[in-house]
Amino acid sequence: MMYANIGQTNCSLSETERVYSVDSTQNFSGLAQQYELGRPAYAEKFIDTLYSKYGFGQESVIADIGSGTGKLAKQLLDRGSFVYCVEPNADMRNAAADTLEGYEKLRIVDGAAAETGLDRQSVDFVTTAQAFHWFDPELFKRECRRILRREGTVFLIWNIRDRSDEINQLSFEIYSEFCPDFKGFGGGIQKDDKRIQQFFDSRYEYLEFPHPLFYNRAQFISRSLSGSYSLKPGDKRYEEYIEALASLYDKYEKDHILEIANKTVVYIGTVSQIRENES
């Protein structure tokens with residue numbers, strides 16, 4: 001594993017554009033441990049599909065943007081691909097360095113969606129898992145155009161909890177009651193969200209894969225605490241919030257395991273190549 005301090009790209013961002021990118025990068029500071037314990041990986045059938053249908057392989061170079069602690073990156077590295085983990089939050093990068101230590105085809109990069117720091121036309125695929133809802137779609141599109149090789153593909157990925165499931169409905173109620181910043185599961189992203197349509201110019205493929213999650217008590221609590229919206233120790237009603245989560249777990253667990261209905265969803269498309277005067 002290596003860190004890559006590649007530096008700034010040639011893209012020049014306005015102060016407004018920088019504020020959009022920088023503010024959200026701090027939302028996960030101090031949450032890396034909870035994130036690593038509570039956040040799941042992605043459906044193995046989805047990973048299989050990337051390698052059987054969409055051209056991923058051991059020679060592929062992938063930029064995983066907003067890579068967090070490396071949940072998706074690990075699954076790609078395990079298949080032998082080369083992965084740039086591009087992550088703006090230092091706590092998350094440090095956790096990824098610990099988790100992914102030993103992978104020779106890994107580079108961890110201090111970069112963001114609008115300014116990855118990667119070279120022009122240097123990657124075959126761009127992935128972003130559980131992160132696109134934090135991005136400015138137009139700035140991210142511009143950066144994808146810049147770093148992707150011709151015909152490169154972008155994959156917008158989420159684990160989305162099934163709202164028809166009673167446990168998820170009750171979790172939603174708890175988050176809505178206690179967490180003022182809660183906007184909905186998946187950062188409030190909706191199926192065929194207008195931001196996704198804007199990014200792909202309404203031309204994309206949608207796939208979903210069943211991916212039920214299984215948590216012990218500590219993992220379930222950590223999953224909740226890993227959300228950027230979650231209350232933190234010292235916040236008003238924090239103890240009441242934890243008690244509500246624990247009560248939900250205790251009501252529905254079976255043999256000390258709680259099953260949560262969930263699916264991995266992905267939007268797949270290309271972005272037209274950047275014009276020379278934007279490079």
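1. Charges over rings. The charged end of Arg-163 sits over the ring of Phe-172, 3.8 Å from its centre. Lys-191 lies over the face of Tyr-206, and here the distance to the ring centre is 4.2 Å. A charge sits over a ring if NZ of Lys or CZ of Arg is within 6 Å of the ring centre and within 35 degrees of the ring normal.

2. Basis of the values. The model is predicted: local features need pLDDT of at least 70, side-chain atom pairs count only at pLDDT 80 or more, and totals for chains, interfaces and linings use all residues. Residues are numbered from 1 along each chain as its sequence is written, and side-chain values use heavy atoms, with hydrogens and water left out.

3. Aromatic pairs. The structure holds 27 aromatic pairs. In one of them, the rings of Phe-132 and Phe-140 have centres 6.2 Å apart and planes at 55 degrees, so this pair is tilted. Rings of Phe, Tyr and Trp (its six-membered ring) pair if their centres lie within 6.5 Å; planes under 30 degrees apart count as stacked, over 60 as edge-to-face and the rest as tilted. Phe-132 has 1% relative accessibility and therefore counts as buried; Phe-140, at 1%, also counts as buried. Buried means under 20% relative accessible area, exposed over 50% and partly exposed in between (1.4 Å probe, protein chains only). Ring pairs link Phe-132 and Phe-140 into a cluster with Phe-135, Trp-158, Phe-199, Phe-200, Tyr-204, Tyr-206 and Tyr-267.

4. Chain totals. The protein chain has 10 helices and 10 strands. Helices (H or I, at least four residues) and strands (E, at least two) are DSSP runs, numbered from the N terminus. Of the 279 residues, 54% are buried. The chain exposes about 13200 Å², of which carbon and sulfur atoms supply 46%; accessible areas come from the Shrake-Rupley method with a 1.4 Å probe, and for residues only the protein chains shown count as cover. Among contacts between residues at least 6 apart in sequence, 79% join residues at least 24 apart. Contact means heavy atoms within 4.5 Å.

5. Thr-127. This residue is found in strand S5 (residues 123–129). Its relative accessibility is 0%, so Thr-127 counts as buried. The side chain of Thr-127 makes a polar contact with the side chain of Asp-64, at 2.8 Å. A polar contact is a pair of N or O atoms within 3.5 Å; within protein, one must be able to donate a hydrogen and the other to accept it, and residues adjacent in sequence count only if both atoms are side-chain atoms. Leaving aside neighbours within four places in sequence, the residues in contact with Thr-127 include Asp-64, Phe-56, Leu-72, Leu-76, Phe-155 and Ile-157.

6. Strand S10. Seven of the eight residues of S10 (residues 262–269) are buried. S10 runs antiparallel to strand S6 (residues 148–161), joined by eight bridges, and antiparallel to strand S7 (residues 205–210), joined by six. Two strands pair if DSSP finds at least two bridges between them. On the S10 side, Gly-269 stands opposite Val-154, and Lys-263 is the bridge partner of Pro-210.

7. Helix starts. Asn-89 caps the N-terminal end of H5, with a side-chain oxygen 3.0 Å from the backbone nitrogen of Asp-91. In H5 (residues 90–99), Met-92, Arg-93, Ala-95, Ala-96 and Ala-97 are buried. At the start of H9, a side-chain oxygen of Asn-216 reaches to within 3.2 Å of the backbone nitrogen of Ala-218. The buried residues of H9 (residues 217–225) are Phe-220, Ile-221, Ser-222, Arg-223, Ser-224 and Leu-225.

8. Glu-243 and Ile-221. Glu-243 is found in helix H10 (residues 238–252) and is exposed, with a relative accessible area of 55%. The C-alpha atoms of Glu-243 and Ile-221 are separated by 9.9 Å, the two residues being 22 apart along the chain.

9. Positive phi. Asp-192 is not a glycine, although its phi is positive at about 55 degrees. Asp-192 lies in the loop between helix H7 (166–178) and helix H8 (194–200) and counts as partly exposed at 29% relative accessibility. Asp-201 also has a positive phi of about 55 degrees without being a glycine. Asp-201 is found in the loop between H8 and S7 and, at 37% relative accessibility, counts as partly exposed.
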